[in-house]
Amino acid sequence: MPKCTINGQEIEVKEGTTIIEAMHHNNQKIAHYCWHPGLSIAGVCRLCMVEVEGNPRIQIACNTTITEGMKIN
């Protein structure tokens, strides 16, 4: 199970968890419009953009899978 840091809080998630799912399950708020846990991922609204340390571009949280050691703001 990968460990990551989201907004300064270290958490451990199941393999294959997306950033938005991890935030949702850990009571962290993130703006979203097209994401819903019961629907397929569209990723078209771009409201859930996050900064991932070491990545020069911002990422969509709904379709970015968490990897070991990832730091997200």
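A word on the ground rules. This is a predicted model, where local features need pLDDT of at least 70 and side-chain atom pairs count only at pLDDT 80 or more, while totals for chains, interfaces and linings use all residues. Residues are numbered from 1 along each chain as its sequence is written, and side-chain values use heavy atoms, with hydrogens and water left out.

Let's start with the sheet. When I say strand or helix, I mean a DSSP run, numbered from the N terminus: at least two residues of E for a strand, at least four of H or I for a helix. Two strands pair if DSSP finds at least two bridges between them. As a reminder, strands of a sheet pair through backbone hydrogen bonds, either parallel or antiparallel.

Here, three strands make an open sheet with mixed pairing, in the order β2-β1-β5. The edges belong to β2 and β5 (71-72), each with a single partner strand, so one side of each has no neighbour in the sheet. Strand β1, residues 3-6, runs antiparallel to β2 and is joined to β2 by four bridges. With β5, strand β1 pairs in the parallel sense over two bridges.

Now please find Ile 6, which sits in strand β1. Is Ile 6 buried or exposed? Buried means under 20% relative accessible area, exposed means over 50%, and partly exposed is in between, using a 1.4 Å probe and protein chains only. Ile 6 counts as buried because its relative accessibility is 0%. On the β2 side, Ile 6 stands opposite Gln 9, and in β5 its bridge partner is Ile 72. Ile 6 and Gly 69 are 63 residues apart in sequence, yet 10 Å apart in space, C-alpha to C-alpha.

Next, the surface. Glu 10 is in strand β2, residues 9-12, and is the bridge partner of Thr 5. With 58% relative accessibility, Glu 10 counts as exposed.

Glu 15 lies in the loop between β2 and α1 (19-25). Glu 15 is exposed too, at 66% relative accessible area. Pro 2 and Glu 15 are 13 residues apart in sequence and 6.4 Å apart in space, C-alpha to C-alpha.

Last stop: the loop between α1 and β3 (49-50), where we find Asn 27. Phi of Asn 27 is positive, near 55 degrees, in a residue other than glycine. Asn 27 counts as exposed at 74% relative accessibility. Arg 46 lies in the loop between α1 and β3 as well. Arg 46 is not a glycine either, but has a positive phi of about 65 degrees. Its relative accessible area is 47%, so Arg 46 is partly exposed.
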